Amino acid sequence: MEQSISIKESIIHTPIISTQGKKLDLIKEIIKIVEFYVNITGKKFENYQIHVLAGDLYFRFKNDTLDDIIMMFKMIRTGELDKVGYTDSFNEKIMLYVDLYMNYKSGIREKIINDEKRERKKADAKIEMSDEAFAKFTELQNMIKVPILKKAETFSIKKALGSLDTYLETLPETCKKLSDSDLTYEIKRTQYSNKTAWEILLSEQLKRKELKNGN
């Protein structure tokens with residue numbers, strides 16, 4: 001599994017831990033990851049130490065992914081993360097590595113955001129909007145129930161952005177009408193482009209999961 005995942009893929013495609021199910025079930029998955037690391041490195045620890053660490057990792061990574069935990073331990077094992085200061089506590093040592101991993105991941109996330117900004121600028125530079133692009137834009141506007149911009153000879157980016165306030169004001173209600181798959185798509189689409197919209201959509205997804213789980 002280590003060979004098939006990456007930090008970039010985790011950031012873009014992998015759902016965060018807090019949306020994946022009940023805390024106890026997820027902690028059990030984290031325990032398996034820690035046990036694998038302990039076994040493969042030949043370390044010996046009591047079960048309670050591993051369980052405590054798994055609980056701590058859940059809270060540190062609940063807005064990240066299980067893949068992140070796997071990759072962090074891989075990077076510790078292979079020496080890809082800087083060394084941390086000496087400590088007698090296995091738990092404390094791993095949590096110091098968490099900070100190093102988060103900083104490393106933050107750098108990759110920033111690069112992804114900058115790359116996306118450059119791509120958006122290239123798209124904005126093209127004033128004329130094709131019939132196909134306008135059709136997709138209209139379809140999206142219909143989906144989220146935001147007033148549709150009428151097609152003119154040219155497409156105004158400034159005018160499109162002017163509807164953003166209306167979109168955010170109505171989003172808590174309109175997102176309830178989205179299917180689960182459309183909601184997931186909108187969450188991914190807004191994750192790096194509009195934090196406020198992303199948080200509203202993510203909140204709706206969490207409410208749905210809680211209802212399905214009977215919470």
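## Helix α2

The expected span of a helix is 1.5 Å times one less than its number of residues. In this predicted model, helix α2 covers residues 23-40, which is 18 residues. From its first C-alpha to its last, α2 reaches 26 Å, close to the 26 Å expected at 1.5 Å a residue.

Which residues of α2 are buried? They are Leu26, Ile27, Ile30, Ile31, Ile33, Val34, Tyr37 and Val38. Seen down the axis of α2, these buried residues fall within an arc of 165°, so they line one face of the helix. Lys32 and Asn39, on the other side of α2, are exposed. Just after α2 comes Gly42, which takes a positive phi of about 75°.

## The whole protein

The protein has 10 helices and zero strands. Read along the sequence, its pattern is α-α-α-α-α-α-α-α-α-α.

Of the 215 residues in the protein, 35% are buried. Contacts can also be sorted by how far apart the two residues are in sequence. Among contacts between residues at least 6 apart in sequence, 67% join residues at least 24 apart.

## Helices α8 and α10

Two packed helices are described by the angle between their axes and the distance between the axes. Here the pair is helix α8, residues 164-174, and helix α10, residues 195-212. Their axes come within 9 Å and cross at roughly 10°. Angles under 35 degrees count as roughly parallel, and α8 and α10 are therefore roughly parallel to each other.

Which residues of α8 meet α10? On the α8 side they are Tyr167, Leu168, Leu171 and Pro172. On the α10 side, the residues are Thr196, Ala197, Ile200 and Leu201. The residues of this contact between α8 and α10 divide into seven nonpolar, one polar and no charged.

## Asp82 in a loop

Asp82 lies in the loop between α4, residues 66-78, and α5, residues 90-125. Is Asp82 buried or exposed? Exposed means over 50% relative accessible area, and Asp82, at 57% relative accessibility, therefore counts as exposed.

What does Asp82 contact, leaving aside its neighbours within four places in sequence? Asp82 is in contact with Tyr97 and Leu100. Tyr97 and Asp82 are 15 residues apart along the chain, and their C-alpha atoms are separated by 8.3 Å.

Technical notes:
Residues are numbered from 1 along each chain as its sequence is written. This is a predicted model: local features need pLDDT of at least 70, side-chain atom pairs count only at pLDDT 80 or more; totals for chains, interfaces and linings use all residues. Side-chain values use heavy atoms; hydrogens and water are left out. Helices (H or I, at least four residues) and strands (E, at least two) are DSSP runs, numbered from the N terminus. Buried means under 20% relative accessible area, exposed over 50%, partly exposed in between (1.4 Å probe, protein chains only). The arc is that of the directions from the helix axis to the C-beta atoms. Axes are lines fitted to C-alpha atoms, for helices over the stretch in contact, and angles run from 0 to 180 degrees between N-to-C directions. Angles under 35 degrees count as roughly parallel, over 145 as roughly antiparallel, 65 to 115 as roughly perpendicular and the rest as oblique. Contact means heavy atoms within 4.5 Å. Ala, Val, Leu, Ile, Met, Phe, Trp, Tyr, Cys and Pro count as nonpolar, Asp, Glu, Lys and Arg as charged, and the others, Gly among them, as polar.
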